[in-house]
Amino acid sequence: MYIADLFSLLEILALGVTAFFFNVLLHELGHAIPVLCWSKQKVTVFVGSLGDPERSIRCRIGRLELFLKYNPFLWRRGLCRPGEVLPLRKRIIYTAMGPVISLLITLTCWLLLVYAAPERTTTIILVTVMVIGGMFTLSSALPIGKLSSGHAGKIVYNDATQIVQLWRTRNMPHEYWEAINLVRAKEYAESARLLEQVISEGHSNAALLRLCAGVQLQSGNDRRGEELLDLVREKYGFSTDDYLSLGYCKIMQGRYKDAIECNKKVVEKHFNHFLAMNNIAYSLIALD
C-alpha cells in the first residue's frame, strides 16, 4: 500500500513539473517568436530561471538560444531576452504575447474538459495544465510590479508592469531610443550625451533618470551619476539597483565606508546578493 501511495505521489510530482515546464516554455516562446521575426539578432530564453545560465542545459536552434535549468526544485519561472531594442509598438506586442499564450493554453484545456469529455487520466492532465496556465495568466497579465530578483539580484518585472512602463515612454523623443541602442553597443559617452539632451528638454521619469545615471557611471562620470541618483531618491525613492549604483559611485570616489553602507542596504533585502557582497569585499580590502 505504501509503495502504491509513493508511486502516486511521484506521478503527481512528475505531472506538476511537466505542466510547469510546458507552460513556462510556451509562455517564453510567445515572447521570443515575434522578436525572431522582427529582428536579426539572437534571442535568449531561460526556462526555470530569471536570466541565470548556470547549471542549465543549453540548446541552440538557429538564432534562438535556450537555457533549461535542469534542477526542477530550483525553477523560478522564465525569461526572454531579445538581442536588440525594437520599436516601442513591437516591444509592447511581444511583451503581451506571453500572457496571451498562457491564456490560450488555459482556455484550450477548459474547452477540452467541457466539450471533449476525456477519460480520467486525460482529465487530470488537462486540469493540472489549466490550473498552472491560469496562474501564469493572472501573474503576468496583472500589473503587480516586481516579480522577483533575477540573476545576480537584478529586479525583474512581470509582463503587465513592463507594458505599463513602456507605455509611459511612448512620448520619448527619438534620441532616447537611439541612446538605448548605443548602450547595447557599449558606446556610453555618446549615449550619456543623448540622455542628458532628453532630460534637458523637459522629459523626466524614474526609468530615464536611472538609465542616465547608470550610463554616466559607465562612462566614468561618477559625479553626474550621483547627482542623478540623488534626484531619483528625492522624487521616487531608492530600489536595490539604486543602492548598488550609488555604492559604485562611492567606490569610484574612494569613499569606501559609504560604499559599504550602500551595499549593506542591498544585502538587507537580498541576502548574499552576489554583486553587493563583492563590492563590500572590495571596499574592505581597499580600507585594509
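Select Y176. Leaving aside residues up to four places away in sequence, Y176 touches T169, L195, V198, L208 and L211 (contact: heavy atoms within 4.5 Å). This is a predicted model: local features need pLDDT of at least 70, side-chain atom pairs count only at pLDDT 80 or more, and totals for chains, interfaces and linings use all residues. Residues are numbered from 1 along each chain as its sequence is written, and side-chain values use heavy atoms, without hydrogens and water.

Now widen the selection. Y176, W177, L195 and L208 touch the most other members of the largest nonpolar core, which has 35 residues. Such a core is a set of buried Ala, Val, Leu, Ile, Met, Phe, Trp, Tyr and Cys residues joined through side-chain atoms within 4.5 Å. Buried means under 20% relative accessible area, with a 1.4 Å probe and protein chains only. Helices supplying at least two core residues each include α2 (88-115), α5 (174-184) and α11 (274-286). Helices are DSSP runs of H or I, at least four residues; strands are runs of E, at least two.

Next, pick V35, V43, L86 and Y94. They are among the 23 residues of a second, separate core.

Go to T44, in strand β1 (residues 43-47). Why does T44 count as buried? Because its relative accessibility is 7%. Show E65: its side chain makes a polar contact with the T44 side chain at 3.4 Å (N or O atoms within 3.5 Å; within protein, one able to donate a hydrogen and the other to accept it, and sequence-adjacent residues counting only if both atoms are side-chain atoms).

Finish on α3 (residues 120-141). Its buried residues include L126, M130 and F136.

Note on methods: Buried < 20%, exposed > 50% of the residue type's maximum accessible area, 1.4 Å probe, protein only.
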